[in-house]
Amino acid sequence: MATVLRERVPMGEDPLIRWDWVWNNLDDPILALLLEHLHLSLVPLLLGLGIALPVGIVCARWQRVYPWALTTVNILYAVPSIALFFLLLPYTSFSLWTAIIPLTIYSLVILLPNVTDGLRQVPDHVRQAAVAMGFGPIRRLVQVELPVATPAVIAGLRVAAVATISMVSVASLVGLGGLGQLILSWGFDRQFATPIVVGTVLSVALAFAVDGLLVLTQRWLTPWTRMAAPRRGPRIGGGDRWR
Amino acid sequence: MEVIPALWEWFTRPEVWHGPGGIPTRLAEHIGYSVLALGLAALIAVPVGLITGHTGRGGFLAVSLANVARALPTMGVLLLVVLLAGIGLLPVLIALVALAVPPILVNTYEGVRGVDPQLRDAAQGMGMRGRQVLMQLELPVALPLLLVGLRTAAIQVVSTATIAAYVGIGGLGRYIFDGQSSRQYDMMLGGVLLVVVLAVVVTSVFAGARRLLVAPGIRHHTTASS
């Protein structure tokens with residue numbers, strides 16, 4: 001196969017990117033697949049957050065559950081994404097769920113430690129103040145602890161978003177995968193570099209756009225973090241924690 | 001299909017333990033690619049992270065570049081290099097190194113930046129030069145975070161190295177792709193199990209490294225953030 005590839009690629013004659021192809025295919029495969037890519041990454045992120053919040057609350061409250069939850073989730077993280085896509089194929093066939101379920105698991109893996117640690121790092125005096133003001137456990141959780149943990153949760157969401165958006169492309173091996181299809185079936189299968197470059201660049205751009213939106217969301221949700229001037233506070237969630 | 005008996009049956013077949021397609025060969029290939037990629041990534045990322053963290057210059061640029069690399073889809077990098085350079089070790093290594101550099105670089109950088117400025121002042125007050133401050137203070141203090149970065153990178157590399165099989169250079173991914181295309185789910189699950197076991201081994205290797213290498217005085221300090 002290697003020789004076939006080398007023969008069929010006229011290197012130097014074919015440029016890395018042919019703008020006329022990009023221009024002619026802007027709407028149909030490119031934009032359509034970009035939107036599918038967005039869909040395939042946003043749904044898992046939201047589902048992952050929807051699962052990580054209650055599980056994280058349980059883990060933060062009953063501390064003995066946490067190591068078990070963390071171990072389970074870390075083992076799931078080690079399962080290659082391609083294997084999960086293949087294993088789901090017999091059940092979900094070529095529906096979007098084949099990609100959504102594994103990607104949800106990966107974002108859950110990244111989010112759970114951030115939610116749990118974020119809730120655990122709520123300072124004791126803050127919690128005691130809420131109790132003293134007569135807050136019950138649920139009101140304390142919703143109005144005090146979750147808002148205080150928001151920066152940590154969003155730090156996790158940012159890592160999960162970038163990871164998910166770059167991982168969606170692997171689902172092209174099971175016929176899904178948004179921009180991954182541009183990379184695999186439009187580019188690689190036809191030995192044509194332009195769609196690969198376009199798919200890769202758009203995927204990176206999408207990751208940055210979503211990341212930027214999350215930064216703005218955090219500013220909007222936690223206006224008080226901007227007023228606290230000292231930059232060297234306790235680092236909630238830790239810059240690039242990955243999991 | 002009962003998963004455990006099927007797996008047991010597959011693992012106890014004599015032929016899966018021999019020959020060029022046997023588990024020992026595939027495992028060696030997989031570990032080989034992973035170690036090579038992780039080593040190259042560490043050679044790039046650790047010095048850059050240490051120097052940018054120490055001098056404080058170029059750190060923003062390095063972390064931004066790492067974030068771009070983090071957002072790169074592995075499929076795109078892998079297939080583009082295959083298309084340009086042909087099938088072989090090179091595309092797989094480039095894709096895996098691109099995957100492994102960001103977590104190592106960012107964690108090393110953050111680890112060095114996070115060293116208490118008072119400690120740095122004390123080291124300088126004791127007459128240490130820049131290089132000594134870096135090697136005798138900043139590196140040991142940043143080591144726990146550096147190891148976290150290496151571990152994250154290692155697990156991602158081990159799990160992603162399965163894609164090496166797609167461009168035909170073996171590794172444990174072979175079982176996953178072959179099992180899928182020939183509908184031998186026992187073989188596929190066997191491959192998955194081997195990858196997961198490898199990741200668990202990686203985790204315990206790093207736990208051991210942490211115990212051996214990290215100074216006792218700072219060990220408990222960083223457990224919360226790892």
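## Exercises on a two-chain predicted model

In chain A, 76% of the contacts with a separation of 6 or more join residues 24 or more positions apart; two residues are in contact if their C-beta atoms, placed from the backbone, lie within 7 Å. This is a predicted model, in which local features need pLDDT of at least 70, side-chain atom pairs count only at pLDDT 80 or more, and totals for chains, interfaces and linings use all residues. Residues are numbered from 1 along each chain as its sequence is written, and chains are lettered from A and ligands numbered from 1 in the order in which they are written.

**Exercise 1.** Describe how helix 3 of chain A and helix 6 of chain A cross.

Step 1. Chain A has 11 helices and 0 strands; helices (H or I, at least four residues) and strands (E, at least two) are DSSP runs, numbered from the N terminus.

Step 2. The axes of helix 3 (residues 26–61) and helix 6 (residues 97–120) of chain A come within 6 Å and cross at roughly 40°. Axes are lines fitted to C-alpha atoms, for helices over the stretch in contact, and angles run from 0 to 180 degrees between N-to-C directions.

Step 3. Helix 3 of chain A and helix 6 of chain A are therefore oblique to each other. Angles under 35 degrees count as roughly parallel, over 145 as roughly antiparallel, 65 to 115 as roughly perpendicular and the rest as oblique.

Step 4. The residues of this contact divide into 21 nonpolar, 5 polar and 1 charged. Ala, Val, Leu, Ile, Met, Phe, Trp, Tyr, Cys and Pro count as nonpolar, Asp, Glu, Lys and Arg as charged, and the others, Gly among them, as polar.

**Exercise 2.** Decide whether Thr72(A) is buried or exposed.

Step 1. Thr72(A) sits in helix 4 (residues 65–78) of chain A.

Step 2. Thr72(A) has 12 other C-beta atoms within 10 Å, so Thr72(A) is exposed. A residue is buried if 20 or more other C-beta atoms lie within 10 Å of its own, exposed if 12 or fewer, and partly exposed in between, with C-beta atoms placed from the backbone.

Step 3. For the chain as a whole, 43% of the 243 residues in chain A are buried.

**Exercise 3.** Characterise the side of chain B that touches chain A.

Step 1. 35 residues of chain B are in contact with 40 residues of chain A.

Step 2. Helix 4 of chain B gives the largest share of that side of chain B, 8 residues.

Step 3. By class, the side of chain B that touches chain A holds 21 nonpolar, 12 polar and 2 charged residues.
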